[in-house]
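Please look at the sequence and the model together, and follow the paragraphs below from the whole chain to single residues.

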Amino acid sequence: MAGLCAALSAWSPGAGAAPMQDVLAPAGIQAEHILALWHVTLAVRTAVFVAVLLGLAIADVVTDRPLSRLPMEYPLHVGMIGHRWWWKTRYERDGDRPGFVTANQLRLPVGRPVIVSLKAADVIHTFWIPHLHGKRDMIPGREADITLRADRAGEYRGQCAEFCGAEHALMAFPVVADTPQDYAARRRRMGRLRRTCLPSTPS
């Protein structure tokens with residue numbers, strides 16, 4: 001019995017034995033090659049990760065710089081409120097033209113910056129007009145602003161890019177960029193319509 005115990009103790013690892021299953025401490029040529037491959041893979045993945053981060057940072061600076069140079073001395077102010085499942089659009093007073101409210105559309109004049117104030121009435125929505133700007137999240141209880149400028153007349157598509165419930169597909173809306181003359185004429189028509197629809201004040 002004493003001989004068996006002595007034999008087992010001779011095969012058991014001592015205090016200075018190598019750690020078990022440590023791939024970072026190779027003791028053979030195959031393990032050394034595997035460790036070298038792991039180091040190469042780690043270096044490549046780290047380089048790709050850093051390159052992607054730098055690319056995103058550069059893209060953010062490059063895309064934000066033109067917006068910061070937009071002339072803002074005469075912007076148009078519009079408010080849009082996202083509901084489930086429709087948009088309320090409020091055009092603020094523009095000079096001598098009164099403001100008015102519409103739904104499920106946005107019209108803006110070509111070449112003029114438009115500051116859109118965004119609010120969510122119920123759940124999280126995301127305002128997105130791919131032809132004009134990136135996405136902007138709309139959090140209930142908070143207000144966010146986004147500055148747009150259309151350089152070509154035409155009709156574009158806006159949408160809510162955050163799933164907001166069963167009728168999320170109804171959150172798409174047309175964005176019409178009018179020439180300045182057409183936009184001014186439309187504002188005049190909406191002003192006349194507003195005066196016609198408002199109840200008369202009793203004398």
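**From the whole chain to two residues**

Of the 203 residues of the protein chain, 28% count as buried, where buried means under 20% relative accessible area, exposed over 50%, and partly exposed in between (1.4 Å probe, protein chains only). This is a predicted model, in which local features need pLDDT of at least 70 and side-chain atom pairs count only at pLDDT 80 or more, while totals for chains, interfaces and linings use all residues. Residues are numbered from 1 along each chain as its sequence is written, and side-chain values use heavy atoms, with hydrogens and water left out.

The protein chain holds three helices and 10 strands, these being DSSP runs numbered from the N terminus (helices: H or I, at least four residues; strands: E, at least two). Read from the N terminus on, the order of the elements is α-α-β-β-β-β-β-β-β-β-β-β-α.

Helix α2 covers residues 29–68, and I58 is found in this helix. With a relative accessible area of 54%, I58 is exposed.

Is D94, by comparison, buried or exposed? D94 has 4% relative accessibility and therefore counts as buried, and its place is in the loop between β2 (86–91) and β3 (100–103). Leaving aside neighbours within four places in sequence, D94 is in contact (heavy atoms within 4.5 Å) with Y74, L76, R112 and R187. The side chains of D94 and R112 are also joined by a polar contact of 2.9 Å, that is, a pair of N or O atoms within 3.5 Å; within protein, one must be able to donate a hydrogen and the other to accept it, and residues adjacent in sequence count only if both atoms are side-chain atoms.
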